[in-house]
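Let's learn to read aromatic pairs together. Take a moment to look at the model below.

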Amino acid sequence: MAEKKYLDLDGLKTYNDGLQQQLSGKLAAKVDSVPGKGLSANDFTDALKNKLEALRDAGQSQQDLAELQKKVTDLEALMEKDTNGAIDKLKEIFDFLDGISDTSTLDGIMSGKVDKVDGKGLSTNDYTDEEKQKLADLGSKALTSWQQQYLKEQEQAERESKYVASMAMTPAGTEFTGAEVNYQLKVTARYDNKAVSVAVTPTSANLSGVNFTDGAAQVAFPAPATSNGKVTVSYSANASYTDEYGTLTKPVSASQTRYAPIKILSKATTPTSADIVAATQKFVKAAVAGDYSVTLTPDVYVWICVPTFTTPTSFTSSGFSVPMEVPVDVTVKIGSTDVTYRCYRTSGAPQSSPMSLKIG
């Protein structure tokens, strides 16, 4: 019969310290392994790492290690108070190590570990080199054609929003005199709130053949041969600004409307063209409706001669209706233009002057 060998308390402590040291030294360079997982060499950023799912259960080797560590800790505590119990506990450790498959040493437990690397952990997303390359390509060549077109349109829309252009024409005026008018047209533009030079391309027929220099041009607008008393002149062009990113174009236009004056005069008979031209009481307005104070010749009819672009609907004075005769049309020569006037005559001759007249 083999002789039993016993450890004294000091020997058992020495053995236990060695066991703890060997265990701690090997574990310090390991992390728990998981079937199907390995250390990631793809250097996840914090943003990507936060998207990983929680790691699965560490596996049986982790459970074995935890149980072994508990037994060694219990043994160390037991040796302080019960030598015989400590020997029994040590036997349990040996029996536990014998029960670990494929080895009877700590290397069996260590086989369930992988080497630890600072800043890395087990990956559950199987992030391959191919997938990493696809992610890197997103910033350059991975955009689809419609995405590229969308970005291009957005960039163009932003550029266009920064570009403004306008056209002005001088001199300004409201009365039509029948004379030819020489206008200056000026196109100005700003990009991102800074003045820029533009190329001007006429688009209206009355600018055909007109050249703009530094955005400006002189044009002559002839008086029409005939008119209803309302004459409008309009010009339009395209203003183009070009920089290193391309050309931006905006339509620009300017217009003015001039009106033959409304004339009020006292006369016993139907006024002639010369009478209407010579009348001093004139009102340049876009519509005849309004209030008038007119100087009259007592006991003489009052004539309200209105260019036919506007038509009166009522005549009152001091709140009372003023009876009017059927109007007559008179062609009035204003400069070189024939303007049609419609003249309204009061049915009676006013007795006092001035007269307050309201035309609707």
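Predicted model: local features only at pLDDT ≥ 70, side-chain atom pairs only at ≥ 80, totals over all residues.

Q: How is a pair of aromatic rings described?
A: By the distance of the centres and the angle of the planes. Here, rings of Phe, Tyr and Trp (its six-membered ring) pair if their centres lie within 6.5 Å; planes under 30 degrees apart count as stacked, over 60 as edge-to-face and the rest as tilted. This rule gives 6 aromatic pairs. One of them joins Phe315 and Tyr344, a tilted pair with 5.5 Å from centre to centre and 50° between the planes.

Q: Which parts does the pair tie together?
A: Strands (DSSP runs of E, at least two residues, numbered from the N terminus) are the parts to look for. Phe315 lies in strand β15 (residues 315-317) and Tyr344 in strand β18 (residues 337-345), so the pair ties together parts 29 residues apart in sequence.

Q: Are Phe315 and Tyr344 buried or exposed?
A: Buried means under 20% relative accessible area, exposed over 50%, and partly exposed in between (1.4 Å probe, protein chains only). Phe315 is buried at 9%, and Tyr344 is buried too, at 10%.

Q: Which residues do ring pairs link into a cluster?
A: Look for Tyr163, Tyr191 and Tyr241.

Definitions and conventions. Residues numbered from 1 in each chain as written. Heavy atoms only, no water. Helix = DSSP H or I, 4+ residues; strand = E, 2+ residues; numbered from the N terminus.
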